[in-house]
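Hi,

Here is the structure I promised to pass on to you. Have a look at it first, and then read on for what turned up.

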Amino acid sequence: MNNKPVLLVIAHGSRDPRHAATVHALMRRVRALRPDVRVETGFLDFNVPSVQGVLESLAVQGVRDVVALPLLLTRAFHAKADIPAVLADAPPQLRVHQAEVLGPSPLLSAALERRLYEAGLTPADKSSTGVVLASAGSTDPEAIAVIAEIAREWRHTGWCAVRPAFASASLPRTEDAVRELRELGCSRVAVAPYVLAPGRLPDRIARGAAEADVLADVLGPAPEVARVVLERYEAARAPMLTAVSA
């Protein structure tokens, strides 16, 4: 009998059908990596099944332990408020542990580079290429600081320059960061969307990349992202194993 906690991945949800399709593609990759782990997906808004619906279904099926993993790149409002509020209403027979968000992680930086190379860059282009690290944006200072720190660290891996940009709530916008890198003298400018799935804000990033030379795809079901999901799952279930053996 499989007594591993169920992995419940909590996605934001979107009216854009590409969002849910990308989330499900990522979960197929996660399941392929760990067929011994039951993986379920719930959405906070717009899509079904809802997080509450999945939790109630798991309780009816006799599941006891759940690792709830926010499919988010930063610890902003959803991770700090929305998701804990939903999990607080879980059926009482469930033991639910909230995992950490996906970012930051060296694996995600590797996924960003993967997407840039898939878009046409090569490692030999790094020293002459400026990169815009374009995220959705947030009003949360912690989330903004994390994006800025990722950009600083990524710059030290050999790129001409790296600048953060935001599609909403914060500045600069993608198009402004592109122009700044041009003015710095970078031979080419690439935009790397630090977002998981397509939608309204990623489309805004794409429009802001109109003057860039390269626009990478969203992170989506990149293998590195699937590995981070499983890393967060294992980290969250470790205390559960300790409690059971105590």
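**The pocket, the sheet and one leucine**

Let me start with the lining of the largest pocket: by class, 20 of its residues are nonpolar, 12 are polar and four are charged. Please keep in mind that this is a predicted model. The space in this largest pocket comes to about 990 Å³. Its lining has 36 residues, and those closest to the centre are His12, Leu72, His78, Ala136 and Leu201. Several helices take part, with at least two lining residues each from H1 (17–33), H3 (77–88), H5 (141–155) and H7 (200–208).

Next, the sheet. Four strands make up an open, parallel sheet, ordered E6-E5-E7-E8. Strands E6 (161–166) and E8 (214–215) are at the edges with a single partner strand each, so one side of each has no neighbour in the sheet. Strand E5 (residues 129–135) and strand E7 (residues 188–193) run parallel and are joined by six bridges. If you want to find this pairing on screen, look for Ala134, which stands opposite Pro193 in E7. Lying across E5, E6 and E7 is helix H6 (residues 174–184), which runs at about 160 degrees to E6.

What does Leu108 touch, leaving aside residues up to four places away in sequence? Its contacts are Leu73, Leu102, Gly103, Tyr194, Leu219, Val225 and Val228. Val225 is 117 residues away from Leu108 along the chain, yet their C-alpha atoms are separated by 6.3 Å.

Best wishes

Conventions
Residues numbered from 1 in each chain as written. Predicted model: local features only at pLDDT ≥ 70, side-chain atom pairs only at ≥ 80, totals over all residues. Heavy atoms only, no water. Pairing = 2+ DSSP bridges. Contact = heavy atoms within 4.5 Å. Axes fitted to C-alpha atoms, helices over the stretch in contact; angles between N-to-C directions. 1 Å grid on protein atoms, 1.4 Å probe; cavity = no way out; pocket = protein on both sides within 12 Å on 5 of 7 lines; lining within 4 Å. Points joined across faces, edges and corners; volume = space filled by probe spheres on them. Nonpolar A, V, L, I, M, F, W, Y, C, P; charged D, E, K, R; others polar.
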